[in-house]
Amino acid sequence: MGFTVSSADMEAIALGGAFLGTGGGGDPYIGKLMAQAALDAHGPVTVTDVAEVPDDAVCVPVCMMGAPTVMVEKLPNGEEAAAALTALEAYLGTKVDYLICIEAGGLNSTIPFAVAAATGLPLLNGDGMGRAFPELQMVSFTLHDIKASPMALADDKGNTSILNAISNQWTERLARAQTVEMGGAALVALYPMNGAQAKQGLLRGTLGLIRELGESIAAERQANRHPGDALIRRCGGMQLCTARVVDIERHTTGGFARGRAVLKGLDEDQGRSFTLDFQNEFLCLEDGEGQPMALTPDLICALDADGGLPVTTEKLHYGLGLRLIGLPADPQWRSAGGLDLVGPGYFGYSHAFAPLETLNPTNTNT
Amino acid sequence: MVLRLGIDVGGTNTDAVILRGREVLAGVKSATTEDVMSGISNALEAVLEKAGVAREAIDVTMIGTTHFTNAVVERKGLDQVAAIRLGLPATACLPPMVDWPEDLVEMVGGHRYLLRGGYEFDGREIAALDEDELIRIAGEITEKGIKAAAISSVFSPVNRDMEERARDILQEHCPGLPVVLSCEIGRLGLLERESAAIMNASLLSLSDRTVEAFGRALSEAGLTCPFYVTQNDGTLMAADMVRRFPVLTFASGPTNSMRGAAFLTGVKEAIVIDIGGTTTDVGSLHHGFPRQAATVVDVGGVRTNFRMPDVFSIGLGGGTMITGDADNLQIGPKSVGYRLPQEALVFGGKTLTTTDIAVRAGMAEVGDAAKVAEIDPALVEAAKAQIAEMLEMAVERSRVSPDPIPVIAVGGGSILAPDRIGDLEVLRPENFAVANAVGAAIAQISGEVDRIYALEGTTREECLANAEREASDAAVSAGAKPETLIVIEREDVPLAYLPGNATRIHLKVVGEMGENHA
């Protein structure tokens with residue numbers, strides 16, 4: 001079943017997107033404002049269930065690529081996404097029928113709504129990550145041999161380019177270099193696929209999910225309840241810990257904001273300690289003895305322990321109270337191929353992946 | 001010994017204190033008046049008399065005020081502003097004030113201008129500054145009689161040249177036009193920084209009038225000393241700075257009461273509870289300064305990135321109403337507020353308030369204790385327990401370590417605080433009721449740097465040292481004593497995906513005010 005999204009829904013979608021962003025993907029605020037402006041100007045967006053899409057339909061994900069810190073400063077012109085789509089259509093020699101959200105976490109959870117409103121194209125209910133990840137090849141589409149290129153990039157000045165690469169990893173490398181030249185951020189259209197491929201590759205229902213999660217966060221906060229419990233119930237997740245940041249160390253290697261936060265337990269976790277590793281997103285949580293409690297691709301979602309709002313890695317600071325919630329990743333990510341692409345090993349962690357249900361057998365799914 | 005006069009101009013009360021060195025000579029509370037000036041004069045005369053010092057002897061005056069915050073919140077006294085952004089062809093999708101409440105946009109005229117210009121993250125120009133368009137805008141400003149302009153360029157925290165050039169061109173064509181540059185006010189984050197610049201520009205004539213009124217109130221009282229105004233992080237601005245940057249006073253109220261609490265107790269690591277008539281603000285002190293908020297703070301419905309203390313409020317104050325009986329007690333959230341002196345039982349009123357419980361329990365001596373003698377002791381115990389529990393939960397939320405740091409209770413309602421909150425000792429300093437005026441009196445001078453550095457060809461340590469030097473120079477030129485400078489914030493955030501190991505360094509130093517200013 002499809003649904004429509006209007007300007008009023010974007011608040012919830014941005015909140016839910018920030019939650020599934022697992023600390024990364026950038027603050028969806030700018031994307032929310034862009035989507036609201038576009039929805040106000042052009043009317044609501046139709047979100048379509050992928051099952052209803054004809055097998056030969058042309059489906060294309062659109063997203064922003066680059067440093068989130070650049071995006072909060074150099075806002076888009078607004079025409080970039082349409083320019084990228086037009087360039088890709090011209091190259092493919094066909095019109096696009098459906099848009100896809102590539103990343104249901106962070107800034108890119110909201111951008112496709114702006115593009116869909118402006119172009120009048122429907123958006124598929126789903127995405128390629130079910131969360132946020134830092135690199136372009138880290139999508140379920142890669143697992144289904146859908147190629148990232150031809151890919152179109154567009155900047156604020158009107159420059160566009162088309163990339164053709166031999167693998168999705170190469171597309172990432174080449175596109176990354178171009179976004180830097182384009183001023184650190186660009187809007188891109190990539191992974192052109194047909195409806196049949198979309199049915200295989202898409203992680204389904206995630207746009208409806210983030211809207212629901214955002215509504216739940218807002219409703220719980222309204223009722224003066226911490227939203228953690230409701231989110232755990234809805235997502236079949238588990239409480240990992242409630243703790244305060246007592247040390248934080250950041251460094252840049254290989255173009256990523258890597259870092260580690262040391263946490264001291266609060267409330268029922270009083271007396272325990274934890275370390276939380278991140279590379280743009282939260283990727284690895286260990287207890288005081290160095291035993292893993294949650295590992296990528298499972299989701300480590302952070303909420304402010306007091307206010308209950310999602311927290312990004314860049315906002316982590318000494319003294320901040322966090323409530324960490326683990327959500328099981330989509331089964332596709334837990335497959336051997338999925339783990340090669342986004343498992344702990346890819347990010348340089350020594351732990352072998354184990355599902356968070358196995359790592360924390362005593363935590364109840366309440 | 002330096003004699004300092006601290007004044008806090010709040011929405012309800014104007015408080016004043018006089019300090020000799022570190023000693024509080026006297027503190028008074030009086031009502032804030034419509035014209036602000038006469039309220040200050042009243043408080044001033046009362047505190048001078050109580051302290052028994054000659055007005056000529058006062059060396060320096062510090063004022064804390066919520067006047068400008070209230071102007072934005074209440075949409076009063078704001079000017080029309082030309083909001084000029086340098087950034088095209090980028091940024092067009094979200095024009096200035098896009099996320100403001102409609103009534104506030106109307107108040108400032110909704111004059112939005114986007115033109116070519118701005119920088120990339122690495123300092124390249126997005127486009128050359130469109131000077132012809134700027135000259136056309138200058139004509140429109142004159143024609144429409146717009147009072148002030150705010151100029152915001154993309155990445156101006158990295159390079160401010162273009163904003164400065166745009167200001168020079170505007171002022172050449174609109175002589176005397178006040179122009180606010182976003183780089184002078186905020187950090188990275190275009191919308192928030194731009195909004196701050198626009199709000200600031202809209203407050204300029206109010207700040208002119210207010211600073212003038214402050215000065216006149218002081219000089220009419222025979223005070224010839226210089227005066228300063230506190231900003232939201234507990235540091236000082238000279239009168240001329242407030243005139244130019246009134247937005248920097250936003251949220252200085254809670255900051256002053258927390259800093260005052262630190263001073264009155266000598267404790268630098270603590271949790272502060274400021275119990276007023278209607279609410280209790282809870283925050284924590286680190287190195288004697290309020291801990292800053294992690295999330296973006298709203299002022300009058302506008303998202304800002306000001307440094308603000310991480311304070312949250314619960315509905316408990318000296319005027320909070322109590323209903324029900326011992327077994328089924330309801331405390332608040334309603335309060336009799338400023339009508340406490342008429343409504344509370346101890347003052348002959350008809351409403352049972354937390355203050356009545358405090359008097360009945362022997363925790364405070366205000367009003368007529370005989371009027372509450374009949375209250376059921378079981379009810380008193382239940383209310384005390386519930387108040388203690390509310391405070392304990394609030395304190396636990398602010399607590400950053402299991403270390404037993406003290407809780408400092410300030411504000412007129414702090415008679416409600418028990419002697420211990422959980423396992424933490426409660427300190428109730430003398431002069432607790434005027435802690436915010438004390439906080440104003442002891443405010444410090446700061447210098448700050450927030451910029452992206454490329455680590456290529458240098459080291460992180462070198463960049464931090466450079467940033468510290470620059471911040472220190474800024475503090476000293478603002479009047480701080482070099483030997484008292486300490487770093488209170490030092491944070492570097494590596495920027496993902498940017499080459500050359502770019503990192504954003506935010507560093508702030510503070511120091512005592514130099515003698516030449518005192």
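Strand E20 (residues 420–421) of chain B and strand E21(B) pair in the antiparallel sense over 2 bridges. The model in which this pairing is seen is predicted. E20(B) and E21(B) form a hairpin, with 2 residues between the strands. In the turn, Gly422(B) has a positive phi of about 60 degrees. Arg420(B) has Glu425(B) in E21(B) as its bridge partner. E21(B), which covers residues 424–427, also pairs with strand E19 (residues 407–410) of chain B. Here the sense is parallel, again over 2 bridges. In this pairing, Val426(B) in E21(B) is the bridge partner of Val407(B).

The domain assignment divides chain B into four parts: domain 1 (1–75 + 206–250), domain 2 (81–202), domain 3 (314–433) and domain 4 (444–517). The centres of domain 3 of chain B and domain 4 of chain B, taken over C-alpha atoms, are separated by 43 Å.

One open sheet of chain B has 6 strands. Their order is E3-E2-E1-E4-E9-E10, and the pairing is mixed. At the edges are strand E3 (23–31) and strand E10 (236–238) of chain B, each of which pairs on one side only. Neighbouring strands of this sheet are turned against each other by 25 degrees on average, direction ignored. Within the sheet, strand E2 (residues 13–20) of chain B is joined to E3(B) by 8 bridges. The two strands run in the antiparallel sense. Arg20(B) stands opposite Glu23(B) in E3(B). In a regular strand, side chains alternate between the two faces of the sheet. Helix H1 (residues 37–51) of chain B lies across strand E1 (3–9), E2 and E3 of chain B. The helix H1(B) runs at about 145 degrees to E3(B).

Another open sheet of chain B has 4 strands, in the order E6-E5-E7-E8. The pairing in this sheet is parallel. Strand E6 (111–116) and strand E8 (179–181) of chain B are the edge strands, and each pairs on one side only. From one strand to the next, the twist averages 20 degrees. Strand E5 (residues 81–88) of chain B and strand E7 (residues 148–153) of chain B run parallel and are joined by 6 bridges. Val81(B) stands opposite Ala148(B) in E7(B).

Helix packing in chain B was examined as well. Two packed helices are described by the angle between their axes and the distance between the axes. Helix H4 (residues 131–144) of chain B and helix H5 (residues 161–173) of chain B pack at an angle of about 40 degrees. Their axes lie 9 Å apart. H4(B) and H5(B) are therefore oblique to each other. Their crossing is right-handed. On the H4(B) side, the contact uses Glu131(B), Leu134(B), Ile135(B) and Ala138(B). These residues meet Ala166(B), Ile169(B), Leu170(B) and His173(B) in H5(B). The residues of this contact divide into 6 nonpolar, 1 polar and 1 charged.

Chain A also shows a packed helix pair. Helix H1 (residues 10–20) of chain A packs against helix H2 (residues 29–42) of chain A at an angle of about 155 degrees, with the axes 10 Å apart. That angle makes H1(A) roughly antiparallel to H2(A). H1(A) passes H2(A) in a right-handed crossing. From H1(A), the contact takes Met10(A), Glu11(A) and Ala14(A). They meet Tyr29(A), Gly31(A), Lys32(A), Ala35(A), Gln36(A) and Leu39(A) in H2(A). Sorted by type, the residues of this contact are 5 nonpolar, 2 polar and 2 charged.

The domain assignment of chain A gives domain 1 (3–206) and domain 2 (226–357). Over C-alpha atoms, 25 Å separate the centres of domain 1 of chain A and domain 2 of chain A. The contact takes 19 residues from domain 1 of chain A and 22 residues from domain 2 of chain A. On the side of domain 1 of chain A that touches domain 2 of chain A, H1 and helix H6 (140–143) of chain A each supply at least two residues. The residues of that side of domain 1 of chain A divide into 9 nonpolar, 8 polar and 2 charged.

How values were computed:
Residues numbered from 1 in each chain as written. Chains lettered and ligands numbered in written order. Predicted model: local features only at pLDDT ≥ 70, side-chain atom pairs only at ≥ 80, totals over all residues. Axes fitted to C-alpha atoms, helices over the stretch in contact; angles between N-to-C directions. Parallel < 35°, antiparallel > 145°, perpendicular 65-115°, else oblique. Left-handed = near helix turned anticlockwise from the far one by under 90°. Contact = placed C-beta atoms within 7 Å. Nonpolar A, V, L, I, M, F, W, Y, C, P; charged D, E, K, R; others polar. Domains from an automatic or database assignment. Pairing = 2+ DSSP bridges.
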